[in-house]
Amino acid sequence: MNRRHAIRTLATLAAVPALSPMRSALAQAWPDKPVRLLLSQPPGSGPDNIARLLSERLYPRWGQAVVIENKPGGQNTVGAQAAARSPADGYNFYFATTAALVTNAFLFKQLPYDPAKDFVPVAFVARSPFGILVKADSPIRSVEELIAKSKAAPGTFTLGNEGPRTFGGMIARLFNARSGAQANLVPYVSVGVSAQNLMGGHVDAIVADVASTAQLARQGRLRLLAVTSDKRLADWPQVPAVSELLPDFDMVGWFAIVAPAGTPAAAIERVNRDVNALLADEEVAGRIAAIGPIAAPGYSPAQTGDFLRHEHARWAQITKEINILPE
């Protein structure tokens, strides 16, 4: 699958058949065995924690276990390929990320799966904002000061991230491009390593997802300068959004549930209905917020497909702006 093919076939993500009376009857009987929810991330990660929370709450609704299967590696390609090759029987679903369904199409010349043709949308789950952080005792108190400091010493001010072809790395590149900052982007193997290096004084600032760094910020070990969502976060009302300085800077990761193409519409509709009910529950939404992301209930399968198409078009422009080419 190449990138051009992904763009051409993305429209299929919105195509979810309507339920017939026979399919409605099937929906009542479903599920009659455990349901598998596959992830591209390891146990204990933010997506894994959210998926396990949902699986726990879905069990009493379905009377069947939701089995979490982790297949990390290859910038989500290992898990995505496994999900795409799973039986389309209504018992296999994929808890997918921005990378798996959108940005990988612009990072790889060839993927072992087609993010549009191989999946159908089921439900949108949550948005995962990123943040720009400094050490707690850093003299930098704002994004404006960070930009000014980087300009005062071009190439010596360091901004850590997970690498140029990761979501955090691309946010860092876009921030440099749009703000005029001249930060030296330092790649790390993980957010955890970058945060440790920041606290150790080996890097001036980092770009990292809020879910992975919120606890360190609450403990007073890191300072969250700004979030990359279009608005301030309810849990961090004192922290400005980058968009307050750079209009239209809305860079958040997200999670969505998709299924192998050909999955029965009855199963898709049932999963969508019950997942949305959980996301709308204040306790569940609160537990997701404690992890870091923001629950986003109310998306139908078709609306989830519309969102994915919009994100694909948006990232086509962003990757051009920051000069990211597929490899």
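Reader: Why is R52 called partly exposed?

Author: Happy to start there, with the reminder that this is a predicted model. R52 has a relative accessible area of 31%. Buried means under 20% and exposed means over 50%, so a value of 31% makes R52 partly exposed.

Reader: And what makes D48 count as buried?

Author: The relative accessibility of D48 is 1%. The cut-off for buried is under 20%, so D48 counts as buried.

Reader: How do you know that D48 and R52 form a salt bridge?

Author: Look at the distance between their side chains: 2.8 Å, N to O. A salt bridge needs such a nitrogen and a carboxyl oxygen within 4 Å, so this pair qualifies. Both residues belong to helix α3 (residues 46-62), where they are four residues apart, about one turn of the helix.

Reader: What makes D274 and R61 a salt bridge?

Author: Their closest N and O atoms are 3.8 Å apart, and the limit is within 4 Å, so the pair counts. This pair links distant parts of the chain, with D274 in helix α10 (residues 265-279) and R61 in helix α3, 213 residues apart. D274 is buried because its relative accessible area is 4%, while R61, with 40%, is partly exposed.

Reader: Which residues are joined with R61 and D274 into one network?

Author: R270 and R273 are joined with them, through salt bridges that share partners. A search of the whole structure finds 13 salt bridges.

Reader: What is the nearest side chain of opposite charge to D209, and how far away is it?

Author: That side chain is R218, 11 Å away. A salt bridge requires the atoms to be within 4 Å, and D209 has no salt bridge although this residue is buried. D209, found in strand β7 (residues 205-209), does make a side-chain polar contact with S212 at 2.8 Å. Leaving aside neighbours within four places in sequence, D209 is in contact with S128, P129, F130 and V191.

Reader: How do you know that the span of helix α7 agrees with its number of residues?

Author: Helix α7 (residues 167-179) has 13 residues, which at 1.5 Å a residue should span 18 Å. The end C-alpha atoms are 18 Å apart, so the two values agree.

Reader: What makes α7 mostly covered?

Author: In α7, 10 of the 13 residues are buried. Among them are F167, M170, I171, L174 and F175. The helix is followed by G180, whose phi is positive, near 80°.

Reader: Why is the chain called as compact as a globular protein of its length?

Author: First, the chain comes to 12 helices and 10 strands. Its radius of gyration is 20 Å, close to the 20 Å that the globule rule gives for 327 residues, so the chain is as compact as a globular protein of that length. Of those 327 residues, 54% count as buried.

Terms used: Residues are numbered from 1 along each chain as its sequence is written. This is a predicted model: local features need pLDDT of at least 70, side-chain atom pairs count only at pLDDT 80 or more; totals for chains, interfaces and linings use all residues. Side-chain values use heavy atoms; hydrogens and water are left out. Helices (H or I, at least four residues) and strands (E, at least two) are DSSP runs, numbered from the N terminus. The expected span of a helix is 1.5 Å times one less than its number of residues. Buried means under 20% relative accessible area, exposed over 50%, partly exposed in between (1.4 Å probe, protein chains only). Lys and Arg count as positive and Asp and Glu as negative; His and the chain ends are not counted. A polar contact is a pair of N or O atoms within 3.5 Å; within protein, one must be able to donate a hydrogen and the other to accept it, and residues adjacent in sequence count only if both atoms are side-chain atoms. Contact means heavy atoms within 4.5 Å. The radius of gyration is taken over C-alpha atoms; the globule rule is 2.2 Å times the number of residues to the power 0.38.
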